Amino acid sequence: MKKFVLKLDLHDDKDKQKALKTVSTLSGIDAISMDMKGKKLTVIGTVDPVSVVSKLRKYWQTDIVAVGPVKEPEKKEDSKKAEGKKEGGKKEDQKKEEGKKEEGKKEEKKEDEKKKEPPPDPVLEWSRAYRAYNPYMTTQYYAPSMEENPNACVIC
């Protein structure tokens, strides 16, 4: 997941709607937001920033301001620690040991699941990527020949 900020040269809400519509056609986008005061477009997803910029440059001057990973919201562990201190020191130690054992088991399960998954087929990935690029692609063709149809009219 990437988060990147683009600077666009937009003038009104009509341009804003067109930019959002243009970007939303790309696959792999999770969130799009627009700041009209700063004229900045923020995109979150797995899509390539260069492809987004190339789409937008057909209509407006576009520059990449920043590219980076998505920041996940921080969990509030302070409130959990405060509750644990109230209960007592011995209970807290026991809970920590149990939690560590459970975490170890969870990690082992995750590792086993990762090992069980076979590596993805590269041809299948390419075909899926192309199908996402061109959804109207027909995958199979059938062309009957004259020899297969006994009722066909052939003048020899």
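These legends describe close-up views of a predicted model of one protein chain.

**View 1. The four-stranded sheet.** Four strands form an open sheet. Their order is β2-β3-β1-β4, and the pairing is antiparallel. Two strands sit at the edges: β2 (29–35) and β4 (62–69). Each of these pairs on one side only. From one strand to the next, the twist averages 15°.

**View 2. Strand β1 beside strand β3.** Strand β1 covers residues 2–8. Six bridges join β1 to β3, and the two run antiparallel. Look for Leu6: Leu41 in β3 stands opposite.

**View 3. Helix α1 on the sheet.** Helix α1 spans residues 13–24 and packs on the sheet. Its contacts are with β1, β2 and β3. The direction of helix α1 makes about 165° with that of β2.

View 4. Residues 49–56 make up helix α2. This helix lies across β1, β3 and β4. Helix α2 runs at about 25° to β1.

**View 5. Confidence along the chain.** The mean pLDDT of the protein chain is 75. Of its residues, 57% reach 70 or more. Confidence is highest in strand β3 (residues 40–45), at a mean of 93. Confidence is lowest in helix α3 (residues 78–87), at a mean of 48.

**View 6. Helix α3, read with care.** Over residues 78–87, pLDDT stays under 50. For this stretch the model has three contacts beyond four places in sequence. Where pLDDT is low, predicted coordinates should not be read in detail.

Technical notes. Residues numbered from 1 in each chain as written. Predicted model: local features only at pLDDT ≥ 70, side-chain atom pairs only at ≥ 80, totals over all residues. Heavy atoms only, no water. pLDDT = per-residue confidence, 0-100. Contact = heavy atoms within 4.5 Å. Pairing = 2+ DSSP bridges. Axes fitted to C-alpha atoms, helices over the stretch in contact; angles between N-to-C directions.
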